[in-house]
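Colleague: I am new to this structure. Could you take me through its backbone?

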Amino acid sequence: MKIALIGPPASGKGTQAKWISGKFGIPRISTGNMLRKHVADRTELGMLAQEAMNQGKLVSDDIVIKMMEARLREEDCKDGYLLDGCPRTMRQARALSSAEGLDVVLYLEVGDEEIVKRMSGRRVCPNCEAVYHIINDPPGSEDACDECGPELIIRKDDKEETVRKRLEVFKEETSPLVSFYSEKGIFRRVEASGSIEDTKKNAERALEQLGNL
Ligand code: AMP
């Protein structure tokens, strides 16, 4: 099973990705997490990606496609995978379909103002990248990661101005994927502006409709 989750920032891709990858027993591959790891490790790739990321822009297709193709060749991907936040451009989508082809693409749909509201409460673990929301999905103990303990932080690109830039980029670069995947008959919109549980139910229904449960 090869699934991709696309959607604007803070549409809940990471949260939904967790149960979907568990349900199908496939690895979750988040290009955002992979890129942040490169930045933290100060690799050559990280140096190239960092500026675009901080400004809310996309990292170049050449970098992302090379990184993603290498990851998908790894052993744990041989029976499928869940892509979280990728593809994000038509070039990435074409590279993926010529290499592999996806079975399902879910688009988590949330309005702009709801996204800006969500971002202001978003906190992440600087170590394991777990994502929380101070109101909708708070950690068990105040301000600390439930998984591994460190104090939670606000991601640099979660500032309102950068979020609005990321939304613009999403509309320009990622929206065209809707018709690309609709034509292939593997695409479903998932209403994602409600609670985590409601979004989960909507995603389950979409997966059922695509005949993949
Ligand atoms: P995310 O954690 O998925 O929201 O990604 C954070 C940032 O990483 C994005 O704003 C982009 O700068 C970069 N990024 C993540 N995935 C991609 C991708 N597939 N293509 C280009 N840039 C990406």
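Predicted model: local features only at pLDDT ≥ 70, side-chain atom pairs only at ≥ 80, totals over all residues.

Colleague: Which peptide bond is cis?

Modeller: The bond from C86 to P87 is cis, with omega near 0 degrees. P87 sits in the loop between β3 (81–84) and α5 (90–99); helices (H or I, at least four residues) and strands (E, at least two) are DSSP runs, numbered from the N terminus.

Colleague: What is phi at A10, and is A10 buried or exposed?

Modeller: Phi of A10 is near 65 degrees, a positive value in a residue other than glycine. A10 is buried, at 9% relative accessible area; buried means under 20%, exposed over 50%, and partly exposed in between (1.4 Å probe, protein chains only).

Colleague: And where is R42?

Modeller: R42 belongs to the loop between α2 (31–40) and α3 (44–54). Its phi is also positive, near 55 degrees, but R42 is exposed, with 63% relative accessibility.

Colleague: Changing topic, which side chain has a polar contact with that of D157?

Modeller: The side chain of R155 does, at 2.9 Å. A polar contact is a pair of N or O atoms within 3.5 Å; within protein, one must be able to donate a hydrogen and the other to accept it, and residues adjacent in sequence count only if both atoms are side-chain atoms. D157 is buried, with a relative accessible area of 10%.

Note on methods: Residues numbered from 1 in each chain as written. Heavy atoms only, no water.
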